[in-house]
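Please open the structure in your viewer and keep the selection panel at hand.

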Amino acid sequence: MAFKIASSPHLSRSIQTRTVMQRVLWCALPGVVTQCYFFGWGVLIQVALAISVALLSEGLVLKLRQRPVRETLQDNSALLTALLLGIAIPPLAPWWVIVIGILFSIVIVKHLYGGLGHNIFNPAMVGYVVLLISFPVQMTSWVAPMELVTQAVNFWDSLQLIFLSPSADDIKAYKLGFDGIAMATPLDTLKTDLGMGLTSTESLSKSIFNHGFGVGWLWVNMAYLAGGLLMLKLKLIRWHIPVGVLAGLFISASAGYLLNPDTHASPLFHLVSGASMLAAFFIATDPVTAATSVRGRLLFGGLIGLLVYVIRTYGGYPDAFAFAILLANLCAPFIDHYIKPRTYGHRSRS
């Protein structure tokens with residue numbers, strides 16, 4: 001009998017990696033559709049561009065590494081990385097933003113370390129952080145939800161704004177079309193208002209919020225939650241990391257809200273804002289860069305939730321999941337080293 005040696009992700013069932021990746025992509029579809037509904041055609045354009053660049057760049061790298069191109073591309077890992085980064089950036093960001101992010105994620109983060117199963121950081125999140133630090137203006141210019149828009153941006157307008165350099169008059173008209181909303185996410189708006197001395201109640205009374213939650217973002221998070229629950233049902237992921245992430249964020253936000261509700265948002269607001277559900281179920285659960293033991297995964301997820309709240313509240317970035325996940329990736333080997341499952345039949349020393 002031959003003893004097979006394979007790199008991570010290690011799966012306990014007889015299911016191929018490409019099948020797992022494909023099912024994860026299908027589970028993310030409700031969230032992507034909901035995101036497109038509220039934020040326009042730019043979401044689909046960015047995802048399509050990201051997938052094209054990811055497949056092309058990975059194919060070229062595999063060719064240079066003298067690795068099988070078709071077989072490796074069929075594992076669908078490049079598609080998942082492209083999807084996650086494509087939906088994470090603003091829908092109308094210039095085309096070169098997603099191109100740079102995908103190239104960095106695939107070529108540097110993934111293949112420089114040896115390919116799938118050898119990378120120590122989540123490729124999509126590294127690409128996102130590189131873009132956010134390098135191009136802060138483009139990465140923070142989010143569109144307002146469609147129901148707050150006085151003049152909707154159609155498919156052709158989205159293509160022009162992404163692939164062509166719009167004139168100053170076009171940009172001015174585009175911004176005025178959002179009825180005074182300065183193209184900021186609810187987390188951006190709340191953080192800015194609190195820094196200006198407003199209370200959370202005063203900030204949440206703005207039109208971008210609806211009953212204490214961001215317009216559109218509540219339903220986007222609910223859609224990704226539905227997709228995440230489907231992944232649990234299909235046993236594509238285990239519950240420990242998502243529960244750890246959401247529990248860590250909820251407990252931290254609850255403590256801050258109880259201490260001073262005027263300067264801290266409610267825990268429910270944190271759970272349904274930004275990339276909370278997307279990150280908890282689709283990003284933090286990456287089997288390559290996460291902790292492996294049961295207690296280790298709970299601690300790994302709880303650490304992400306805590307870091308997200310700390311950075312959201314006291315840091316310079318409103319939504320901090322990318323930074324939190326990368327910091328937790330650094331801690332994963334440490335967690336695995338010190339939190340080990342007890343060997344069956346072993347009796348601990350008293």
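A helix here is a DSSP run of H or I with at least four residues, and helices are numbered from the N terminus. By this rule, helix α11 covers residues 200-203, and S200 has its place in it. Please note that the model is a predicted one.

**The whole protein.** Display the entire chain as a cartoon. The protein has 17 helices and 2 strands. Of its 350 residues, 50% are buried. Switch to a surface display: the accessible surface is about 17900 Å², and carbon and sulfur atoms account for 64% of it. Among contacts between residues at least 6 apart in sequence, 77% link residues at least 24 apart.

**The largest nonpolar core.** Select I102, F282, F300 and I304, the residues with the most contacts inside the largest nonpolar core, which has 89 residues. Next, colour residues 17-39, which form helix α1; this helix gives the most to the core, with 10 residues.

**Around F282.** Centre the view on F282. Leaving aside neighbours within four places in sequence, F282 is in contact with V24, C27, A28, L84, Y224, G227, G228, M231 and M277.

Finally, select S200. Is this residue buried or exposed? S200 counts as buried because its relative accessibility is 5%, and buried means under 20%.

Definitions and conventions: Residues are numbered from 1 along each chain as its sequence is written. This is a predicted model: local features need pLDDT of at least 70, side-chain atom pairs count only at pLDDT 80 or more; totals for chains, interfaces and linings use all residues. Side-chain values use heavy atoms; hydrogens and water are left out. Buried means under 20% relative accessible area, exposed over 50%, partly exposed in between (1.4 Å probe, protein chains only). Contact means heavy atoms within 4.5 Å. Accessible areas come from the Shrake-Rupley method with a 1.4 Å probe; for residues, only the protein chains shown count as cover. A nonpolar core is a set of buried Ala, Val, Leu, Ile, Met, Phe, Trp, Tyr and Cys residues joined through side-chain atoms within 4.5 Å.
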